[in-house]
Amino acid sequence: MIKIGTDITAVRRIATLRVKYGAKFLKRILKKSERSSALRDESIAGVYAAKEALSKALGTGIGAEFGFKDAKIYKDALGAPHLKIRKKIRKKFHIKSSSLSITHDVNVAIAVVALKLKRQK
């Protein structure tokens, strides 16, 4: 089975939260390795949208079942984004593989996540 989630995030919203809460906001939504590479508001909005899209593909939203720190967004050698999902989340939701696409401009970031789930017996 394939599950899909999408999200669109306003870059201005991320910029406002970053100014208002500073490092506290970034620590809440980004893992340490993501904080070192997400320097621009557009990039942070892309990571935020990716995690929201993942939560929607899982059918949970961000909350008790899945949190911002349960996944990490990283780029491969060619710059393509990928998801590293915590093992407990992969097992709980029977995730076999994942795919991620992120795009952004000055105003919005959009992410699409596709999850391939293992067959249930």
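Start with the cartoon view: the protein has five helices and five strands. Both are DSSP runs numbered from the N terminus, with helices being H or I of at least four residues and strands E of at least two. Follow the chain from the N terminus and the elements come in the order β-α-α-α-α-β-β-α-β-β.

Two notes before you click further. Residues are numbered from 1 along each chain as its sequence is written, and side-chain values use heavy atoms, with hydrogens and water left out. What you see is a predicted model, in which local features need pLDDT of at least 70 and side-chain atom pairs count only at pLDDT 80 or more, while totals for chains, interfaces and linings use all residues.

**The whole chain**

Zoom out and select every C-alpha atom: they fill a box of roughly 50 × 30 × 25 Å along the principal axes. The radius of gyration of the protein is 14 Å, which agrees with the value near 14 Å for a compact globule of 121 residues. That radius is taken over C-alpha atoms, and the globule rule is 2.2 Å times the number of residues to the power 0.38.

Of the 121 residues, 36% are buried. Here buried means under 20% relative accessible area, exposed over 50%, and partly exposed in between (1.4 Å probe, protein chains only).

**The core**

Which residues have the most contacts inside the largest nonpolar core? Select Leu 54, Leu 58, Ile 85, Val 113 and Leu 115, in a core of 31 residues. Helix H4 (41–58) is among the elements that each supply at least two residues of this core, and H4 gives the most, with ten residues. Such a core is a set of buried Ala, Val, Leu, Ile, Met, Phe, Trp, Tyr and Cys residues joined through side-chain atoms within 4.5 Å.

Now centre on Leu 58. Not counting residues up to four places away in sequence, Leu 58 touches Phe 66, Ile 89, Phe 93, Ile 95 and Leu 115; a contact means heavy atoms within 4.5 Å.

Stay in H4 and pick Ser 55. Ser 55 is buried, with a relative accessible area of 0%. Beyond its neighbours within four places, Ser 55 is in contact with Thr 60, Gly 61, Ile 62 and Phe 66.

Move to Phe 93 in helix H5, a buried residue at 17% relative accessible area. Leaving out residues up to four places away in sequence, Phe 93 touches Leu 58, Thr 60, Glu 65 and Leu 117. For a distance check, draw a line from its C-alpha atom to that of Ser 36: the separation is 29 Å.

Then select His 94, in the loop between H5 and E4. What is its phi? The phi of His 94 is positive, about 60°, although His 94 is not a glycine. Most residues other than glycine have a negative phi. His 94 counts as partly exposed, at 33% relative accessibility.

**Last stop: strand E4**

Finish on Thr 103 in E4, partly exposed with a relative accessible area of 47%. Apart from neighbours within four places in sequence, Thr 103 is in contact with Val 108, Ala 109 and Ile 110.
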